[in-house]
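Dear colleague,

Please find the structure we discussed set out below. My notes on it follow directly after.

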Amino acid sequence: MKISTVYNKLSSSFVATRIMAAFAAGLLFPFMAWVLDAGIHNEMLTFKTIGASHLRNPIHFLVDLFPFLFALITLGEIRKRNADRKSFHEHLRKLEENYSCNATFAKEIGSGNFHFQYTLSGEDDILGKALLVMRDNLLANSRKEQEQNWIAEGKELISDILRIHNKIEELSNEVITNLIKYINAIQGALYFYDEEKKLLINVATYAYNRKKYVQKEFRIGQGLIGQCAYEKDFIYRTEIPDDYMTITSGILGDRKPRSLLIVPLIIDEKLQGVIEVASLEDHIPDLTIRFMRELAEIIARTLFNLRVNQQTENLLRQAQKITEELRESEEQLRMSAEEMQATQEQLQITNKKLEAQIREVENAQKRLHSLLENASEIIFIYDENMMLKFVSPSVTRILGYTPNEMMKGKDLQRITRRGEAELRTMFSELIKNPSQPQTLQYTYMKKDGERIFLETTGRNLLDDPAIQGILMNTRDITARKKAEKEERLKSKMQSLSENSPDLILRLSPSGQFFYVNPMIEKYTGLTPKEVTGRTIEDIGLNEVLLVFFRSAISEMKESPGKYTREVALANDSRGNDTYMYISFDVIPEFADNELESVLLVGHDVTEVKNTHREIEEKNRKIQDSINYARRIQQSIIPDNKMLRQHLPKSFLLYQAKDVVSGDFPWLFRQEDILYLAAIDCTGHGVPGAMLSFIAYFLLNNIATREKEISASHLLDLLHEEVRNTLRQHSTDTDARDGMDVALVRIHLNTQEVQFAGAHRPLYLLRSGEITQFKGDLKAIGGIPVGKKTEKPFTNYAFKVLKGDRIFFFTDGLTDQLGGPDKSKYGNNRVRELILQYRGYTMPEYSDLFARDFREWTGNEKQLDDVLMIGIEF
């Protein structure tokens with residue numbers, strides 16, 4: 001029994017009970033009204049009193065309707081709930097039916113019936129939609145599995161054929177026949193690629209009309225077959241030329257194919273052949289094309305193996321043929337060998353006698369060659385025309401050239417022109433006076449580039465039958481020449497040392513004096529004779545010198561190498577507080593790679609030391625003065641903190657080249673008017689700083705004296721005051737000093753800006769564009785040019801808007817050399833940076849220009865002081 005049926009039976013009794021309960025609950029209201037009315041009138045509750053109360057108060061009739069009203073309300077509520085329940089049960093019924101339908105559909109899918117008819121119960125049937133998606137996926141997987149199985153079965157079929165046959169013709173016929181049947185085509189051909197002929201040769205066909213239209217060979221790139229081989233990719237056509245091919249069949253007659261597939265047979269990027277199939281269908285299925293492409297590699301590998309096997313068989317047959325021929329020749333060779341053996345025994349006896357004679361001659365030649373090669377001289381033999389006929393082997397050891405190289409002209413090419421001329425003169429003398437030997441010394445360039453000295457003694461032996469030439473005995477005298485030169489230099493050094501104002505001495509590694517010059521007496525009070533041959537411990541040396549000599553010898557033993565050391569000796573002749581300073585050059589001297597002696601050369605540097613000390617003291621005082629001037633300059637010029645008290649959005653970039661600077665910022669305020677300038681005085685360092693003090697105090701005096709003066713008028717007055725101060729109006733003056741100025745006058749209330757410039761511009765950045773106000777092409781100060789009237793400075797005035805920015809700077813920024821081309825920083829770079837980074841704040845601009853200037857300068861020296869001021873309104 002269904003749940004809905006059981007529920008309907010229980011529902012009727014439940015409804016009656018609920019209505020009765022509601023009616024009973026409604027009786028409480030009239031009953032309570034009756035009791036209350038009886039109590040008010042002190043009456044007993046009887047039917048008579050109840051009737052009397054209704055007459056007294058008719059509202060009791062309304063109260064008496066409450067039980068019926070409750071019953072009606074309850075009945076309505078019950079009917080509404082019953083309708084909801086009925087709707088709910090109807091929904092449950094549909095769910096049961098949908099569940100049953102989905103279960104049946106799922107069961108059919110599980111059993112493999114993917115084509116079972118199923119209809120969704122509605123758009124909200126999520127389970128049904130999921131089952132449909134699952135069925136479609138399973139169906140797709142089933143089809144894919146069937147396709148894979150079909151391809152695998154086809155591969156297995158063809159692979160079995162490939163394994164069975166080892167002849168290309170038999171294999172080709174079986175493959176093309178079974179393949180055409182398997183893929184349900186009706187025509188096919190297989191072509192084998194002959195690498196020697198560079199041709200594709202037809203080895204198997206199926207259903208071909210061979211009488212007229214079949215071409216059995218194709219070149220690479222010829223026709224569709226050759227094109228497929230050339231491109232190494234398959235060709236699929238559904239539009240076939242009318243004269244391409246026809247199919248002969250007793251049932252079909254002659255019919256044209258409608259689709260064509262040509263697949264190359266490739267293994268390891270090498271072409272093995274081409275397979276061609278045709279069909280009467282309009283299209284060849286993609287599965288068939290995929291199968292053919294996968295099968296092509298298997299067929300190609302088999303064709304490659306068969307090709308290799310055939311080549312191996314051919315080589316084996318050739319080897320067997322050669323072996324047979326060798327066997328036939330071997331017997332003939334054996335017979336010939338026996339005849340030759342008898343002859344060889346006779347030859348061996350004769351050869352032994354000849355070898356003994358040859359060895360005796362070779363030994364004699366070797367002895368002679370060894371004597372000539374190891375001789376200390378080189379023997380040259382020339383003919384009467386000075387053409388070299390012979391040179392001894394010792395030339396290789398002495399000069400580095402082989403005898404063959406010398407015969408090609410190296411005897412004269414490697415000497416100087418003077419040496420060659422002298423050699424020819426000597427040769428002429430030998431020809432004129434045959435009995436007189438001639439000797440000559442000249443320089444020669446060896447093969448390794450070393451220049452040596454040679455001495456040649458020539459003899460005329462043209463009449464000697466054994467020589468028949470000019471004989472020259474040449475030896476290397478470089479060592480002798482060097483010894484002679486060293487002896488001359490030693491004599492000169494001895495003379496120089498004896499007269500040198502420096503102390504020169506030579507010590508053995510054990511501390512013995514090999515040599516001292518007369519200056520030893522100045523430092524020790526002993527003569528050279530009293531010192532030479534004795535040790536440093538024996539002569540009573542000053543303790544400082546003794547310790548130094550010991551240290552010098554010890555260091556040279558441990559790590560020999562030239563160095564310089566300074567020694568301070570107490571100067572008793574000048575008092576206990578003065579010293580004599582000696583700078584010793586310590587030099588090791590070697591013989592056969594061993595330390596032979598230590599050479600010490602001492603220079604009296606006492607005066608140099610005292611002079612250096614005086615210079616250092618003067619430099620210290622000058623530096624102290626400059627540092628004090630720097631403190632004074634920094635105390636009077638404004639910095640970023642002072643500038644931002646008046647203009648919060650501003651920056652001041654200040655980089656002095658030296659300790660003190662010729663560039664300085666000037667700031668002066670008169671009530672609501674603010675004067676601000678970037679001033680570049682002539683020069684930098686101390687001269688520039690001196691001029692900056694003059695400019696600073698002159699500007700303060702003018703601004704204090706003249707109220708609300710314009711920017712240009714202030715520069716005019718400064719120009720005149722500088723000339724007066726430096727007396728530049730005088731005819732005999734040479735004071736051309738002056739300054740470049742960029743001056744702005746800012747009215748802080750009206751936001752009016754005035755600008756005047758002496759060789760310096762001002763940049764206004766407004767709304768992403770820059771406006772340049774050029775300064776006048778003249779400086780402040782300088783010698784007047786004759787009686788020429790000077791124009792006053794130009795005064796620029798403009799109102800600034802919120803967000804406007806102004807920039808002005810000295811030429812130390814733009815004239816700095818640097819960058820990849822070592823060029824000037826330039827005004828254009830300043831403009832480009834301002835525009836490129838126009839979203840920057842003033843502090844960010846300050847960091848930007850400081851960093852960019854540093855990177856631009858790089859390793860270059862800063863040329864001038866740098867000052868830049870930026871203001872945002």
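In what follows, two residues are in contact when they have heavy atoms within 4.5 Å of each other. This is a predicted model, in which local features need pLDDT of at least 70 and side-chain atom pairs count only at pLDDT 80 or more, while totals for chains, interfaces and linings use all residues. Residues are numbered from 1 along each chain as its sequence is written, and side-chain values use heavy atoms, with hydrogens and water left out.

**The chain as a whole**

The secondary structure comprises 22 helices and 29 strands; these are DSSP runs numbered from the N terminus, with helices (H or I) of at least four residues and strands (E) of at least two. Of the 873 residues, 37% count as buried, a term that stands for under 20% relative accessible area, with exposed meaning over 50% and partly exposed in between (1.4 Å probe, protein chains only). The accessible surface comes to about 53100 Å², and 53% of that belongs to carbon and sulfur atoms; areas follow the Shrake-Rupley method with a 1.4 Å probe, and for residues only the protein chains shown count as cover. Among contacts between residues at least 6 apart in sequence, 57% join residues at least 24 apart.

**Nonpolar cores**

A nonpolar core is a set of buried Ala, Val, Leu, Ile, Met, Phe, Trp, Tyr and Cys residues joined through side-chain atoms within 4.5 Å. The largest has 31 residues, and those with the most contacts inside it are Ile 158, Val 175, Leu 179, Ile 275, Met 292 and Ile 299. Two or more residues each are given to this core by helices H5 (126-164), H6 (168-182) and H8 (286-373), and by strands E1 (187-194), E5 (259-267) and E6 (270-279). H8 supplies the largest share, nine residues. Not counting residues up to four places away in sequence, Ile 299 touches Ile 158, Leu 162, Val 175, Leu 265 and Ile 275.

A second, separate core of 30 residues includes Trp 666, Ile 702, Leu 714 and Leu 715. Ile 702 belongs to helix H18 (residues 685-705) and is buried, with a relative accessible area of 0%. Neighbours within four places in sequence aside, Ile 702 is in contact with Ile 709, Leu 714, Leu 717, Leu 718 and Glu 721. The C-alpha atoms of Ile 702 and Leu 717 are separated by 7.4 Å, although the two residues are 15 apart along the chain.

**Aromatic pairs and charges over rings**

Rings of Phe, Tyr and Trp (its six-membered ring) pair if their centres lie within 6.5 Å; planes under 30 degrees apart count as stacked, over 60 as edge-to-face and the rest as tilted. By this rule there are 25 aromatic pairs. One of them joins Phe 23 and Phe 68, whose ring centres are 5.2 Å apart with planes at 75°, so the pair is edge-to-face. Phe 23 lies in helix H1 (residues 3-40) and Phe 68 in helix H4 (residues 66-110), so the pair ties together parts that are 45 residues apart in sequence. Phe 23 is partly exposed at 29% relative accessible area, as is Phe 68 at 49%.

The rings of Tyr 825 and Trp 856 have their centres 5.6 Å apart and their planes at 80°, so this pair is also edge-to-face. Both Tyr 825 and Trp 856 are buried.

**Backbone and a buried lysine**

Most residues other than glycine have a negative phi. Lys 232, in the loop between helix H7 (223-231) and strand E4 (235-237), has a positive phi near 55°. Asp 268, in the loop between E5 and E6, has a positive phi of about 55° and is exposed at 63% relative accessibility.

Finally, Lys 446 is buried, with a relative accessible area of 14%. Lys 446 is placed in the loop between strands E9 (438-445) and E10 (451-461).

With kind regards
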